[in-house]
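Please examine the sequence and the three-dimensional view below before reading on.

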Amino acid sequence: MKAFLTDVQKLGDRVRQEIRKGPATETEVSRSIVILNQALALNMVCVLRHMRHFVTADRFDARVLAQEFLEHTVRESENSDLIVTRIRELGGEPEYERHSAAKRGQLECSTSSEFEDIIRADLATEQSAIAAYAEMIAWLADVDPISSELLQQILSLEEEHAEVMLNFVTVVIT
């Protein structure tokens, strides 16, 4: 599970590097595309993570939790579609990471206590994603308000996901 959190933190670090570059050599549009591609990569990690949790929860017969993760997976996939659409509107090409699933960590857990750890780690990962989106939004606000608003909508969903995970950690798991 640590690999997912590490990936989200690395994506956030890349976003911060892009933001620090300033407008020296790239146009604001192309920098917006770079930031949106980072958001897409972050979102794809979330899709994979939620799908993994859905399958695991279903295996442990945790139906309510499984359903919640399935809904998160669908919403994150829809968010990816919105980001791809915006990248194309700006004249860019969406970048998908290839051969990265293997380094995302194990896809199964063997005990319910490991699953509880996954839920706790998911909450931390959601919080990291929220911080990364907030930085993207702040940078895009002045140079690309449409993309900023799109990411604001996605941020709101991430905050909802974090709240749900917090509820599961405090109510369902403990």
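The following text moves from the model as a whole to its helices and then to its salt bridges.

This is a predicted model, in which local features need pLDDT of at least 70 and side-chain atom pairs count only at pLDDT 80 or more, while totals for chains, interfaces and linings use all residues. Residues are numbered from 1 along each chain as its sequence is written, and side-chain values use heavy atoms, with hydrogens and water left out.

The confidence of the prediction deserves attention at the outset. The pLDDT (the predictor's confidence in each residue, from 0 to 100) has a mean of 79 over the protein chain, and 74% of the residues reach 70 or more. Over residues 98–109 the pLDDT falls below 50, although this stretch has 22 contacts in the model beyond near neighbours in sequence; a contact here means heavy atoms within 4.5 Å. Where pLDDT is low, the predicted coordinates should not be read in detail.

The secondary structure of the protein chain consists of 5 helices and 0 strands. Helices and strands are DSSP runs numbered from the N terminus, a helix being H or I with at least four residues and a strand being E with at least two. H3 comprises 27 residues and reaches 39 Å from its first C-alpha to its last, close to the 39 Å expected at 1.5 Å a residue; the expected span is 1.5 Å times one less than the number of residues. Just after H3, Gly 91 adopts a positive phi of about 90 degrees.

How do the parts of the chain come together, and what share of contacts joins residues at least 24 apart? Among contacts between residues at least 6 apart in sequence, the share is 79%. Of the 174 residues, 46% count as buried, where buried means under 20% relative accessible area, exposed over 50%, and partly exposed in between (1.4 Å probe, protein chains only).

A search of the whole structure finds 4 salt bridges, each being a side-chain nitrogen of Lys or Arg within 4 Å of a carboxyl oxygen of Asp or Glu. One of them links Arg 49 and Glu 126, whose closest N and O atoms are 2.9 Å apart. Arg 49 belongs to helix H2 (residues 28–59) and Glu 126 to helix H4 (residues 112–143), so the pair ties together parts that are 77 residues apart in sequence. Arg 49 is buried, with a relative accessible area of 0%, and Glu 126 is buried, also at 0%.

Arg 86 counts as buried at 10% relative accessibility, whereas Glu 89 counts as exposed at 54%. The side chain of Arg 86 also meets that of Asp 144 in a salt bridge of 2.7 Å, N to O. Because Arg 86 lies in H3 and Asp 144 in the loop between H4 and helix H5 (145–173), this pair ties together parts that are 58 residues apart in sequence. Asp 144 counts as buried, at 5% relative accessibility. Through shared partners, salt bridges join Arg 86, Glu 89 and Asp 144 into one network.
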